[in-house]
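Welcome! Try each task yourself before reading on.

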Amino acid sequence: LDGHMSETQASRRDTFVTVENNPAPEGAELVWFEGMAGRSPRACLAPSTRDRARGTAIVCPGRTEFIEKYFETARDLQARGFAVVILDWPGQGLSDRLLEDPKKGHIDRFETFMSALSKGLDAMPGDLPRPYVSLAHSMGGAIALAAIVKKLVRVDAAAFTAPMWGLPVNLAVRYLIWAMRAVGRDGDYARQPGPPETFESNIVTHDRKRWQLQRDLIAAAPELEVGPMTWGWLGASLDILNETRKPALLRGIECPVFVASAGEEALVDNKAHGRVVRHLPDCTHITIEGARHEILMEEDAMRDQFWAGFDAFLTRSGL
């Protein structure tokens, strides 16, 4: 699989994965482009549904996620006048996987993700309408922040939901990650796959229908699934967080930033949000009380709080 698509993936090259009650955004098309090491990432481009586009929203999903999970978010953004780009990160969704075992949640280094973001935007047909607004969730938040800090991607505003700007990893685990990578075991699972998650055991949303959507999409296309992360993923995550959270770099971010933290967060380190935002020159930070990690997949009342904050942020930013 390394660098080559499976027959099943090849058969899905031209179509989105569809299930009931999850329509693609209006006018959406699939775009495949060339990534690093000859691999092909997948992207979605949906035009603005207005005569004059308000700009382009660049959706950066989290770990294990994929384009079709964000169709509702894309439709919400189209309703606000935006064209929308959504990426399947290398090693996720139907993009080429990085290891022989396609279920492993692996990355060699975050530059692979950041390159896909930059190359993906360049590969879009036609000119994407400006301004650019990024909307990044969880791991996508680490990728987007790094790409902005390193000036690989220039956006006019950046919004984040529950960004992965810190991981609850103690010193002993950090040493174990270093040791496993040092002896060439970075492609091994850091935690073995366990029994399937149930709605009752999930820690990411209170909304049963939105939780079920990811399972329905994976049932329709099992190759969408990604399992637990590898030691390499953990090490690459710690590396990029160490690189991009330096105060001097954060103070150099020129675009306005909006951050929404989840009040009932159980995956990323919310304290890291405070450590990052205090160094940003122009930042609005809210906490959505009662929300779990996947704010955009939460119950309507909590999603509505996010969108109200997002809309006010764009207005304040003159967008």
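**Exercise 1.** Between which helix and which strand is Asn21 found?

*Solution.* A word on the ground rules comes before the steps. Residues are numbered from 1 along each chain as its sequence is written, and side-chain values use heavy atoms, with hydrogens and water left out. This is a predicted model, where local features need pLDDT of at least 70 and side-chain atom pairs count only at pLDDT 80 or more, while totals for chains, interfaces and linings use all residues.

Step 1: Asn21 is in the loop between helix 1 (7-11) and strand 1 (29-32). Helices (H or I, at least four residues) and strands (E, at least two) are DSSP runs, numbered from the N terminus.

Step 2: look at the backbone. Phi of Asn21 is near 65°, a positive value in a residue other than glycine. Most residues other than glycine have a negative phi.

Step 3: check the surroundings. Asn21 counts as exposed because its relative accessibility is 69%. The classes are buried (under 20% relative accessible area), exposed (over 50%) and partly exposed (in between), with a 1.4 Å probe and protein chains only.

**Exercise 2.** Is Thr64 buried or exposed? Describe its place and its backbone too.

*Solution.* Step 1: Thr64 sits in the loop between strand 3 and helix 2. Step 2: its phi is near 75°, again a positive value in a residue other than glycine. Step 3: Thr64 counts as buried because its relative accessibility is 17%.

**Exercise 3.** Which residues does the cis peptide bond join?

*Solution.* Step 1: the bond lies between Arg130 and Pro131, with omega at about 0°. Most peptide bonds are trans. Step 2: Pro131 belongs to the loop between helix 3 and strand 5 (132-137). Step 3: follow the side chain of Arg130, which forms a salt bridge with Asp156, the closest N and O atoms being 3.2 Å apart. This pair links distant parts of the chain, with Asp156 in the loop between helix 4 and strand 6 (157-161) and Arg130 in the loop between helix 3 and strand 5, 26 residues apart. A salt bridge is a side-chain nitrogen of Lys or Arg within 4 Å of a carboxyl oxygen of Asp or Glu. Step 4: Asp156 is partly exposed, at 32% relative accessibility, and Arg130 is partly exposed, at 47%.

**Exercise 4.** How many salt bridges does the structure hold? Describe some of them.

*Solution.* Step 1: the count is 18. Step 2: one of them joins the side chains of Glu68 and Arg42 at 2.8 Å, N to O. Glu68 is in the loop between strand 3 and helix 2, and Arg42 is in strand 2 (residues 42-46), 26 residues apart. Glu68 counts as buried because its relative accessibility is 0%, and Arg42 is buried too, also at 0%. Step 3: Glu65 pairs with Lys69, their closest N and O atoms being 2.8 Å apart, and both residues are buried. Step 4: Glu72, Asp76, Asp207, Arg210, Asp300 and Arg303 are linked in a network of salt bridges.

**Exercise 5.** What is the volume of the second largest pocket, and which residues line it?

*Solution.* Step 1: its volume is about 360 Å³. On a 1 Å grid over the protein atoms alone, a cavity is a set of points where a 1.4 Å probe fits but cannot get out, and a pocket is an open set with protein on both sides within 12 Å along at least five of seven lines; lining residues have an atom within 4 Å of a point. Grid points are joined across faces, edges and corners, and a volume is the space filled by probe spheres set on the points.

Step 1: the lining includes Asn21, Glu72, Asp207 and Arg210. Step 3: helix 6 gives the largest share of this lining, five residues.

**Exercise 6.** How much space lies in the largest pocket?

*Solution.* Step 1: the largest pocket holds about 1,400 Å³ of space. Step 2: it is lined by 45 residues, and Thr64 is among those that lie nearest its centre. Step 3: helix 6 (208-220) and helix 7 (231-244) are the elements that give two or more residues to this lining.
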